[in-house]
Amino acid sequence: MIKPDKDLVPDWDEDNINHIAGHGLSPEQVEEVYYSEGPFPTLVVKQKKKRGKSTEYRYRLWGTDASGTCIELIVAPYPQYGVWRCVTAFPMSNTTQKVYFKRIKK
């Protein structure tokens, strides 16, 4: 299983904060999932995203915030700058929650 780089810090600005707020989430909740601070482990899948001639890697994370809310994130890590950026975050669907709990065997 891939682990998020805990040495990277979040890159928040008005755009991504407002975007996740539209899904009813806060930066604190997203960070709790990224840093696996919830009661259940965070699962991570690495994905390639083509951007013109270059390739950018993004990570899909499934996890829980400190209160146990199941959240799905898409983050773009930029280790060369020491940051990761939240592209989007939203509460997990019921179907995704079932898959998540089956994969962590809870």
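This is a predicted model: local features need pLDDT of at least 70, side-chain atom pairs count only at pLDDT 80 or more; totals for chains, interfaces and linings use all residues.
Two strands count as paired if DSSP finds at least two bridges between them.

**Stop one: β3 and β4.** Select β4 (residues 70–78) together with β3: the two run antiparallel and are joined by six bridges. Now follow the chain through the hairpin of β3 and β4, where five residues lie between the strands and G68 takes a positive phi near 95°.

**Stop two: β2 and β3.** Move on to β3 (residues 54–64) and β2, an antiparallel pairing with nine bridges. Their hairpin has two residues between the strands, and G52 there has a positive phi near 65°. Next, click on K46, which stands opposite Y59 in β3. Show side chains too: the charged end of K46 sits over the ring of Y57, 4.4 Å from the ring centre.

**Stop three: the aromatic rings.** Across the whole structure, a search finds six aromatic pairs. One of them is Y34 with Y35, edge-to-face because the planes meet at 80°, with the ring centres 4.9 Å apart. Select Y35 and W84 next: here the centres are 6.2 Å apart and the planes are at 70°, so this pair is edge-to-face. Zoom out and you will see that it links distant parts of the chain, with Y35 in the loop between α2 (27–34) and β2 (43–51) and W84 in strand β5 (residues 83–91), 49 residues apart.

Is W84 buried or exposed? W84 is buried, at 0% relative accessible area; Y34 is buried as well, at 3%.

Note on methods
Residues are numbered from 1 along each chain as its sequence is written. Side-chain values use heavy atoms; hydrogens and water are left out. Rings of Phe, Tyr and Trp (its six-membered ring) pair if their centres lie within 6.5 Å; planes under 30 degrees apart count as stacked, over 60 as edge-to-face and the rest as tilted. Buried means under 20% relative accessible area, exposed over 50%, partly exposed in between (1.4 Å probe, protein chains only). Helices (H or I, at least four residues) and strands (E, at least two) are DSSP runs, numbered from the N terminus. A charge sits over a ring if NZ of Lys or CZ of Arg is within 6 Å of the ring centre and within 35 degrees of the ring normal.
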